[in-house]
Amino acid sequence: MEKPSCPKCEHPKVVKSGVVGGRQRFKCKKCGYHFTVEKLGKSIDKYYVVKALQLYIEGISYREIERILGVSHVSVMNWVKQYKIKAPENYDYRPTYKVLNHAELVKFMSLKENLTNTGMMITELGDKYMIIKWVRFKNR
Ligand SMILES: [Zn+2]
């Protein structure tokens with residue numbers, strides 16, 4: 001991996017300084033500024049592969065996954081094939097989802113009715129959070 005130059009002072013001499021959140025952290029030798037660099041390619045893709053497959057298993061359609069994650073539904077179909085994922089057929093509940101920032105998430109969780117008679121999963125999505133929520137069909 002080629003070392004980047006400092007984004008603050010553009011000094012070319014930087015040293016590795018640990019890993020934060022899966023990203024390599026660097027320290028500028030001149031001004032002491034710390035910064036991280038996205039690892040390119042595969043690791044970012046993997047993140048979206050896992051999220052997409054989670055959503056697929058929860059019964060969310062390819063088109064909806066495309067809309068939520070911003071990855072093409074063709075990619076999602078390929079991943080489902082590649083990883084041999086088979087979603088169980090389920091018709092007695094319906095998944096819904098919301099993408100919220102942290103403040104919205106806190107507000108959502110503070111309302112008891114949002115947590116009543118439901119199951120949910122919260123997963124990090126970029127700099128936001130996604131709630132997948134299951135609502136049982138009422139005509140049972
Ligand atoms: Zn610097």
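Reply:
**A sheet seen from one glycine**

Gly 18 is found in strand β1. Strands here are DSSP runs of E of at least two residues, helices are runs of H or I of at least four, and both are numbered from the N terminus. Before going on, please keep in mind that this is a predicted model, in which local features need a pLDDT of at least 70 and side-chain atom pairs count only at pLDDT 80 or more, while totals for chains, interfaces and linings use all residues. Residue numbers start from 1 along each chain, as its sequence is written.

Back to the glycine: Gly 18 counts as exposed because it has 11 C-beta neighbours inside 10 Å. The scale behind that word places C-beta atoms from the backbone and calls a residue buried if 20 or more other C-beta atoms lie within 10 Å of its own, exposed if 12 or fewer, and partly exposed in between. Gly 18 and Thr 36 are 18 residues apart along the chain, and their C-alpha atoms are separated by 9.4 Å.

Now widen the view to the sheet. It is open and has three strands, in the order β1-β2-β3, with antiparallel pairing. At its edges are β1 (14-20) and β3 (34-37), each pairing on one side only. From one strand to the next, the twist averages 35°, where axes are lines fitted to C-alpha atoms (for helices, over the stretch in contact) and angles run from 0 to 180 degrees between N-to-C directions. As a reminder, strands of a sheet pair through backbone hydrogen bonds, either parallel or antiparallel. Two strands are taken as paired if DSSP finds at least two bridges between them.

Lys 84 has one of about 50° and lies in the loop between α3 and β4 (93-100). With 6 C-beta neighbours inside 10 Å, Lys 84 counts as exposed.

The protein chain has four helices and six strands, following the pattern β-β-β-α-α-α-β-α-β-β along the sequence. Of its 140 residues, 10% count as buried. The largest nonpolar core has eight residues: Val 49, Ala 52, Leu 55, Tyr 56, Ile 60, Ile 65, Leu 69 and Val 76. Such a core is a set of buried Ala, Val, Leu, Ile, Met, Phe, Trp, Tyr and Cys residues joined through C-beta atoms within 7 Å. Two or more residues of this core come from each of α1 and α2, and α1 gives the most, with four. Leaving aside residues up to four places away in sequence, Ile 60 touches Leu 55, Ile 65, Pro 95 and Tyr 97; contact requires C-beta atoms, placed from the backbone, to lie within 7 Å. Among the contacts in the protein chain with a separation of 6 or more, 41% are between residues 24 or more positions apart.

Ser 72 counts as exposed because it has 12 C-beta neighbours inside 10 Å. From Ser 72 to Tyr 62 it is 10 residues in sequence and 8.5 Å in space, C-alpha to C-alpha.

Finally, a word on confidence, given as pLDDT, the predictor's confidence in each residue from 0 to 100. The protein chain averages 82, and 87% of the residues score at least 70. Confidence is lowest in helix α1 (residues 42-57), at a mean of 80, and highest in helix α4 (residues 102-110), at 95. Where pLDDT is low, the predicted coordinates should not be read in detail.

Notes:
Contact = placed C-beta atoms within 7 Å.
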